[in-house]
Amino acid sequence: MNAKLDTGRVFERIFEIYREQFTLLIPAALILFIPVAILNGLVQTGGGALAALATAAISLIASYWYQGMVVEAVVDILDGRRDHTVGSLFSSVSPFIGTLIGAGILATIIIVIGFILIIVPGLIALTFLAVVAPAVVIDRAGVTGALRRSRELVSGQAWRVFGVIVVLFLITAVIGGILTAIGAGVSDDSFAGYAVADLIVRVLLGPLTAIAATVVYVELRRIKGEPLPQESAGASEAATIPQGRIPDAPEAPAGPEAPSA
């Protein structure tokens with residue numbers, strides 16, 4: 001089977017899910033990214049190297065934590081309805097927070113080293129590690145297992161996955177630039193101005209990247225003939241129902257006897 005990742009379908013699903021889950025994903029993003037925006041505001045208004053390092057670390061943690069929640073939200077609506085609230089979304093991903101952060105840090109280190117090595121290895125690493133967060137949440141993979149799982153799924157589809165990454169980067173860069181310019185125009189060069197502008201960009205654009213990782217993961221599994229666990233469970237339940245047999249109709253309750261003549 002030589003099926004290829006349908007990038008048009010991927011982007012169609014990304015924006016469809018973004019629209020459908022907007023009222024769930026945006027409040028969750030606000031909760032996670034407010035500390036990051038505050039730290040970024042401090043860095044922009046005179047914070048030193050230590051503050052910049054702390055901001056980068058917390059931003060990385062928040063990003064992968066958020067990706068894990070978005071994976072849960074996307075999988076949640078695959079059955080045609082939305083069951084999660086913001087609170088349940090946080091609690092549902094809590095068992096995986098340590099693994100998500102560990103896998104995210106390791107993936108980031110690999111990607112950064114790759115970019116230092118004349119960029120191309122970094123782009124390759126970025127492509128093959130594109131679905132690490134879904135591998136943690138859905139496959140229940142460990143830190144290194146999630147990286148291996150991501151590479152395994154992307155293998156054979158790398159150019160198309162890379163194309164999704166590039167197009168998504170261009171979209172978010174353009175929108176982010178517009179939002180930043182608007183924020184700079186309505187606020188002064190103060191801590192509050194920088195923090196609010198940073199928060200708006202992260203909250204509105206963060207879901208797109210996280211949704212994209214999940215949609216690509218789901219499509220790659222389907223291409224490789226691997227249904228999601230929920231789909232497998234549904235198929236197993238269906239298999240227990242005898243095929244080709246109409247259930248016996250319940251017997252009608254006996255009516256009152258006719259009175260004797």
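Q: In which helix is the place of glutamine 67?
A: This is a predicted model: local features need pLDDT of at least 70, side-chain atom pairs count only at pLDDT 80 or more, and totals for chains, interfaces and linings use all residues. Residues are numbered from 1 along each chain as its sequence is written, and side-chain values use heavy atoms, leaving out hydrogens and water. Helices (H or I, at least four residues) and strands (E, at least two) are DSSP runs, numbered from the N terminus. On that basis, glutamine 67 sits in residues 49-76, helix α3.

Q: Does glutamine 67 count as buried or exposed?
A: Buried means under 20% relative accessible area, exposed over 50%, and partly exposed in between, with a 1.4 Å probe and protein chains only. Glutamine 67 has 14% relative accessibility, so this residue counts as buried.

Q: Which residues is glutamine 67 in contact with, leaving aside its neighbours within four places in sequence?
A: Contact means heavy atoms within 4.5 Å. With those neighbours set aside, the partners of glutamine 67 are Ala133, Ala210 and Ala213.

Q: What is the relative accessibility of alanine 210?
A: Alanine 210 lies in helix α10. Not counting residues up to four places away in sequence, alanine 210 touches Tyr66, Gln67 and Val70. Alanine 210 counts as buried because its relative accessibility is 2%.

Q: How many Å apart in space are alanine 210 and valine 74, C-alpha to C-alpha?
A: In sequence, 136 residues separate alanine 210 and valine 74. In space, their C-alpha to C-alpha distance is 9.7 Å.

Q: Which residues have the most contacts inside the largest nonpolar core?
A: A nonpolar core is a set of buried Ala, Val, Leu, Ile, Met, Phe, Trp, Tyr and Cys residues joined through side-chain atoms within 4.5 Å. The largest one has 65 residues. Its largest share, 14 residues, comes from helix α10 (residues 191-223). The residues with the most contacts inside this core are Ile14, Tyr66, Met69 and Ile211.

Q: How are α5 and α6 oriented to each other?
A: Axes are lines fitted to C-alpha atoms, for helices over the stretch in contact, and angles run from 0 to 180 degrees between N-to-C directions. The axes of α5 (residues 97-116) and α6 (residues 120-128) come within 5 Å and cross at roughly 155 degrees. Angles under 35 degrees count as roughly parallel, over 145 as roughly antiparallel, 65 to 115 as roughly perpendicular and the rest as oblique. Therefore α5 and α6 are roughly antiparallel.

Q: Which residues of α6 make the contact with α5?
A: From α5 come Ile110, Ile111, Gly114 and Phe115. From α6 come Pro121, Gly122, Leu123, Ala125 and Leu126.

Q: Which residues is isoleucine 111 in contact with, leaving aside its neighbours within four places in sequence?
A: Isoleucine 111 belongs to helix α5. Its relative accessible area is 14%, so isoleucine 111 is buried. Apart from those sequence neighbours, isoleucine 111 contacts Gly122, Ala125, Leu126 and Leu129.

Q: What is the phi of arginine 140?
A: Arginine 140 is in the loop between α7 (132-137) and α8 (143-154). With 55% relative accessibility, arginine 140 counts as exposed. Most residues other than glycine have a negative phi. Arginine 140 is not a glycine, yet its phi is positive, about 60 degrees.

Q: How many helices does the protein have?
A: Of its 261 residues, 39% count as buried. The strand count is 0. The number of helices is 11.
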